[in-house]
Amino acid sequence: SVPVAVLQWRASGSIREAQAMGEQRDHLIGSLGAITRKAREFRLLPVSFGGGGGSFNGYAVSEAFAKSEFGTYRIESSSDSLLVIRATSLSSQGQSVVATLDRSGALRYRFEDTTRD
């Protein structure tokens, strides 16, 4: 029964760790959602009102959104029709979520984990 107890203890630790990583990823995605909403607004606003006039070029993550208790957020690339934003986990530096927003408003997420390479 001792070996079974040790295995259960290890398994429960792995499950708790996976749940924590999942919760953190959910928070990163939520913050990316807020940032991409602002980016959509920027693209739709005319240049005369401080927007992009139909382009993502010139969009920057505001200081209020650049860092949270879960991660940091930065623009990886922007063009007239595409914006790529990376959210990097603070607790697991090798883990990040990359959001790609296109002109049509389609938003896609990609998860990267360089700690497992």
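Trainee: What pattern does the protein chain follow, read along the sequence?

Mentor: This is a predicted model. Its protein chain runs α-α-β-β-β-β. The secondary structure comes to 2 helices and 4 strands.

Trainee: Why is R86 called buried?

Mentor: The cut-off for buried is under 20% relative accessible area. R86 has 13%, so R86 counts as buried.

Trainee: Why is the contact between E112 and R86 called a salt bridge?

Mentor: The rule asks for a side-chain nitrogen of Lys or Arg within 4 Å of a carboxyl oxygen of Asp or Glu. Here N to O is 2.8 Å, so the pair qualifies. The two residues sit in distant parts of the chain: E112 in strand β4, R86 in strand β2, 26 residues apart.

Trainee: Which other residue forms a salt bridge with E112?

Mentor: R110 does, with the closest N and O atoms 2.8 Å apart. Shared partners join R74, E76, R86, R110 and E112 into one network.

Trainee: Why do R108 and D102 count as a salt bridge?

Mentor: Their N to O distance is 3.8 Å, and the limit is 4 Å, so the pair counts. R108 is exposed at 53%, because the cut-off is over 50%.

Trainee: How do you know that the charged end of R25 sits over the ring of F111?

Mentor: The charged end of R25 is 4.9 Å from the ring centre. The distance limit is 6 Å, and the direction must lie within 35 degrees of the ring normal. R25 is listed as sitting over the ring of F111.

Note on methods: Residues are numbered from 1 along each chain as its sequence is written. This is a predicted model: local features need pLDDT of at least 70, side-chain atom pairs count only at pLDDT 80 or more; totals for chains, interfaces and linings use all residues. Side-chain values use heavy atoms; hydrogens and water are left out. Buried means under 20% relative accessible area, exposed over 50%, partly exposed in between (1.4 Å probe, protein chains only).
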